[in-house]
Amino acid sequence: MTTMTVTVPDKTRMPYGAWLAAAAFSRLLQVFEVSRRARAERRQRNQLETDCAGVRSYAQQMMEIDPRFASELFAAADRAEQTAQSQR
């Protein structure tokens, strides 16, 4: 015959103030998320502005060679900016 002893630990209580710490940590995570989204949007907007400026610069160079193509490039840059502004 075998004897087995099983110990059952006492139930532990939640530490005092744990709910307050959890709420504060949750709020801090929300602040970080809002900040991250704002940085991402700002980075995307800056990238779009840089790209449109590059297209316009290239269109200016192409103006002497092919004015119609250059006007299409200018229009494409304008459309890209208008689309980005309407999505905000």
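Let's start with D66, which counts as partly exposed because its relative accessibility is 34%. For these labels, buried means under 20% relative accessible area, exposed means over 50%, and partly exposed lies in between, with a 1.4 Å probe and protein chains only. You'll find D66 in the loop between helix 1 and helix 2. Helices here are DSSP runs of H or I with at least four residues, numbered from the N terminus. Now look for A22: D66 and A22 are 44 residues apart in sequence and 64 Å apart in space, C-alpha to C-alpha.

A quick word on what we are looking at. This is a predicted model, where local features need pLDDT of at least 70 and side-chain atom pairs count only at pLDDT 80 or more, while totals for chains, interfaces and linings use all residues. Residues are numbered from 1 along each chain as its sequence is written, and side-chain values use heavy atoms, with hydrogens and water left out.

Let's move to helix 1 itself. How far apart are the end C-alpha atoms of helix 1? They are 66 Å apart, and this agrees with the span that 45 residues, 18-62, should have at 1.5 Å a residue, which is also 66 Å. In case you want to check that, the expected span is 1.5 Å times one less than the number of residues in the helix.

Another stretch to show you runs along the surface. F25, L28, L29, V31 and F32 form a nonpolar patch there, and together they have about 490 Å² of accessible area. F25 is found in helix 1. The areas come from the Shrake-Rupley method with a 1.4 Å probe, and for residues only the protein chains shown count as cover. As for what makes a patch, its residues have over 30% relative accessible area and no salt bridge; like charges are joined within 9 Å, and nonpolar side chains (Val, Leu, Ile, Met, Phe, Trp, Tyr) within 5 Å.

Which residues of helix 1 are buried? They include C52, A59 and M62. Helix 2, residues 67-87, is part of what covers the buried residues of helix 1.

Staying with helix 2, let me point out L73, which is found there. L73 is buried, because its relative accessible area is 15%. Setting aside neighbours within four places in sequence, L73 is in contact (heavy atoms within 4.5 Å) with V55, Y58 and A59. L73 and R56 are 17 residues apart in sequence, and their C-alpha atoms are 6.8 Å apart in space.

Now for the rings. The structure holds 1 aromatic pair. It is formed by Y58 and F69, and it is edge-to-face, with 6.4 Å centre to centre and 85° between the planes. This pair links distant parts of the chain, since Y58 is in helix 1 and F69 is in helix 2, 11 residues apart. The rule is that rings of Phe, Tyr and Trp (its six-membered ring) pair if their centres lie within 6.5 Å; planes under 30 degrees apart count as stacked, over 60 as edge-to-face, and the rest as tilted. Y58 counts as partly exposed because its relative accessibility is 40%, and F69 does so at 34%.

On to charges. How many salt bridges does the structure hold? There are 4, a salt bridge being a side-chain nitrogen of Lys or Arg within 4 Å of a carboxyl oxygen of Asp or Glu.

One of them brings together the side chains of R56 and E81, at 3.1 Å from N to O. R56 is partly exposed because its relative accessibility is 23%, and E81 is partly exposed at 27%.

Salt bridges that share partners also join E33, R36 and R37 into one network. E33 and R36 meet at 2.7 Å, N to O, and both lie in helix 1, 3 residues apart, about one turn of the helix. R37 forms a salt bridge with E33 as well, the closest N and O atoms being 3.1 Å apart. R37 and E33 are 4 residues apart in helix 1, again about one turn. E33 counts as partly exposed at 29% relative accessibility, and R36 does at 42%.

Last stop: R45, also in helix 1. R45 is partly exposed because its relative accessible area is 31%. R45 and K11 are 34 residues apart in sequence and 54 Å apart in space, C-alpha to C-alpha.

Technical notes: Helices (H or I, at least four residues) and strands (E, at least two) are DSSP runs, numbered from the N terminus.
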